[in-house]
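Hello,

Here is the structure you will be taking over. My notes follow below it.

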Amino acid sequence: MRLVRTLPSCQKDLVRSVGQWLSRNRLAPLGAIGCHLSDPPIGIFRSGWLPPFIPKERHLGGDGRKPFGAFGLGLHSRSKSLRLPASGRARKSRAPMIRRRSDKMKRLTAACFRAMVMAAVAALAGVQTVSGETPNAPSGMVSRANLRIRDPFILVQDGRYYLYESKPWFGGKGVNAYTSTDLEQWRPCGEVMRCNPDDQVIAVWAPEVHRYAGAYWLFVTLTQKEDPAAPIRPIAASENYRVRGAARRGVWIYRAASPLGPFKPVRNGPVTPKEWMCLDGTLFVQDNTPWIVFCHEWCQTENGRMMAAPLTPDLSALAAEPVQLFRARDIPNMGEVTDGPFLWRTQNNRLQMIYSNFTLPAKHYCIARYESTTGKVQGPWRYTGLLFSQNGGHGMIFRKPDRSLLITLHAPNENGKERMKFLPIREGKDGLEPIPQPPENQ
């Protein structure tokens, strides 16, 4: 849908304020200046009324608060709210005050309020352009220190960094993107992938984008509503083991011509086995053949498994049965989790993998390193130590334009406190190794 009406200058200022507030609170962004907004047939919102075209799960706060007042707009994000300035805020005597105003003031007040409502609606519902590309980014940037994110993945393309996120992780409906030129200030680009409502997705995790065969491929973990007709059954050594949080969870693959989408699914369903609980798939190309490396959840297996399988040329299906690379508890003092694999071939042709688990007994989230003794995805794989053990993880490796290497990860691994961290690394004689850095440079 093309959004065609340009705002008058008085309304642009109000939209700019709303967009900046939304950006500061890390909500769905809206470009403030130069936005083209249409007149949706919404009229004036009555107290407690939510337009039918806004999904209820997108209602900010999710706590049942009334989203709009008759003459005041309250956007709730847990403990914060936005109100109109005093000159435009609702008062108990609001109706008599409006009646005393001139017709011109009435029109101005209505236009300003409508602009703010439209800005909020566009941000909540998701604004799209005529070509389906990413919505206009807001004028404000988000600093790395203020960007809450888990499982960060960065694609480097033509000197620009692309960052992909799913938020919220439970109840999310798609994948968003950011761009940057310095890794510190990030410009929100909006939604690049939206899940099909018919798929009954209840969680979106760990998106990553790879360039391969002239296209961009999004690998993302989707959890779907449980299907009583196809229950998830345990695959564990213990006879009495029960599946933890049984749900349909798998790795889906999407394709696009641009790193900013729109990404469309290559098949109607996950590429990983449907009867397995799988997550965190990543792409690796070996001898011109695309491979997926993914995790078979400890929730179903009791001891998390790292798996791999070749993909068909169009990445729409597995080309062979998955093979097991290693298990989480194969290493002493490590937990049962397998998270976030990422493969890297060094300049001297050594194939290494980083993945995340928990150290014991401290239960700190960490990044462990493995190496294939054959240089092949199929392994065998041997453990070569920890790269990061300070309660952070789910990392990936990328090379900056100056050829230096960084691991990006989230830390600390605590709900609400997660931030994107960078760990400088290098290719040493024993493979990947960290470069010591002062904490303020991480």
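E371 stands opposite R382 in β19. Strand β18 (residues 365–372) runs antiparallel to β19, and six bridges join them. Strands here are DSSP runs (E, at least two residues), numbered from the N terminus. Two of them pair if DSSP finds at least two bridges between them.

This is a predicted model: local features need pLDDT of at least 70, side-chain atom pairs count only at pLDDT 80 or more, and totals for chains, interfaces and linings use all residues. Residues are numbered from 1 along each chain as its sequence is written, and side-chain values use heavy atoms, without hydrogens and water.

The open sheet has four strands in the order β16-β17-β18-β19, with antiparallel pairing. Its edge strands are β16 and β19 (381–388), each pairing on one side only.

Next, the second largest pocket. β4 gives the largest share of the lining, five residues.

Last, S316. This residue sits in the loop between β14 (305–310) and β15 (323–327). Why does S316 count as buried? Because its relative accessibility is 17%, and buried means under 20% relative accessible area (1.4 Å probe, protein chains only). Leaving aside neighbours within four places in sequence, S316 is in contact (heavy atoms within 4.5 Å) with V266, R267 and V271.

Best wishes

Key: Buried < 20%, exposed > 50% of the residue type's maximum accessible area, 1.4 Å probe, protein only.
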